[in-house]
Amino acid sequence: MTSTTISLTTLSQTKMALHSARHGLSNPIHGIVLGRRRSSADDSHSSSSLEVVDVIPVCHEVPTKPIVDMALRLADAHLQLSDKEEGVGGGDKLQIVGWYTANSVASDSEELVPNVSACRIASSMAESSSNDGFVLLLLSVSHMVTLLDSKGNSSNSNTSICAVFERDGNTKTFTQKVDSSRITNASSTMGEVVSRALSAISNFSPEYGSMNGGDVAGGSSTEELVIYDYVDHVDGFKKREDLDEMDWIGNGAVNKFVSSRL
């Protein structure tokens, strides 16, 4: 008998939510999922777990192959360098364990199945990897809106803001939805942290139309928060903007925001 559990950190869910919010909630977003896999076994039972630790935002449009390939290469190089500098090895190493997305149309039906682009990318990543257990995360925009309206205090505020899909053994596509009983949040304050983060990013710029300019959660916030993806980085290079500020791999400002609230 084998059982698998999937844990989602507050940091990973906050970054996915901010990525979607920054681009109006109705635009498609895509990114890389980082995590750790662990397994154990005895004579009668084997178990495995996947901890989704962090995500790396890639784009806010339908992704092209060059964008995906380059983002994955840079992310992998960053992970290898970080492991070497920190002397991390074994099961503590962060790995690329999947892909995340939000569909372009925010409706109940659109949140049932991941978009075709995301399914293809996840399948390609799984095919080219020697590791099993890749996942595809589908962000629920409706749940994000609920968190904002309730300021993270609704009855389901600590329910994961995304659905998790695994690879179907027959079709080899990422259309097999993981039962919610196998998914847990690493922190009981996830809903509150995500709600506060969304309120902060809504003040950053009026271009976040559907975020309603800074009073979405029923009260203005004095904090400003921004998140960057790989496409922002590329566009910044073309415009000769400050690329050091566009920390698309780490998004250190978001890391600091979340860690101060856990």
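In helix 1, T10, L11, T14, K15 and L18 meet V254, N255 and V258 of helix 7; contact means heavy atoms within 4.5 Å. The model is predicted: local features need pLDDT of at least 70 and side-chain atom pairs count only at pLDDT 80 or more, while totals for chains, interfaces and linings use all residues. Residues are numbered from 1 along each chain as its sequence is written, and side-chain values use heavy atoms, with hydrogens and water left out.

The axes of helix 1 (residues 10–22) and helix 7 (residues 252–259) come within 10 Å and cross at roughly 125 degrees. That makes helix 1 oblique to helix 7; angles under 35 degrees count as roughly parallel, over 145 as roughly antiparallel, 65 to 115 as roughly perpendicular and the rest as oblique.

S187 lies in the loop between strand 8 (183–185) and helix 5 (190–202). Helices are DSSP runs of H or I with at least four residues, and strands are runs of E with at least two. S187 is buried, at a relative accessible area of 17%; buried means under 20%, exposed over 50% and partly exposed in between, with a 1.4 Å probe and protein chains only. Leaving aside residues up to four places away in sequence, S187 touches T10, N158 and L262.

Totals for the protein chain:

| Item | Value |
|---|---|
| Helices in the protein chain | 7 helices |
| Strands in the protein chain | 8 strands |
| Buried share of the 262 residues of the protein chain | 48% |

Note on methods. Axes fitted to C-alpha atoms, helices over the stretch in contact; angles between N-to-C directions.
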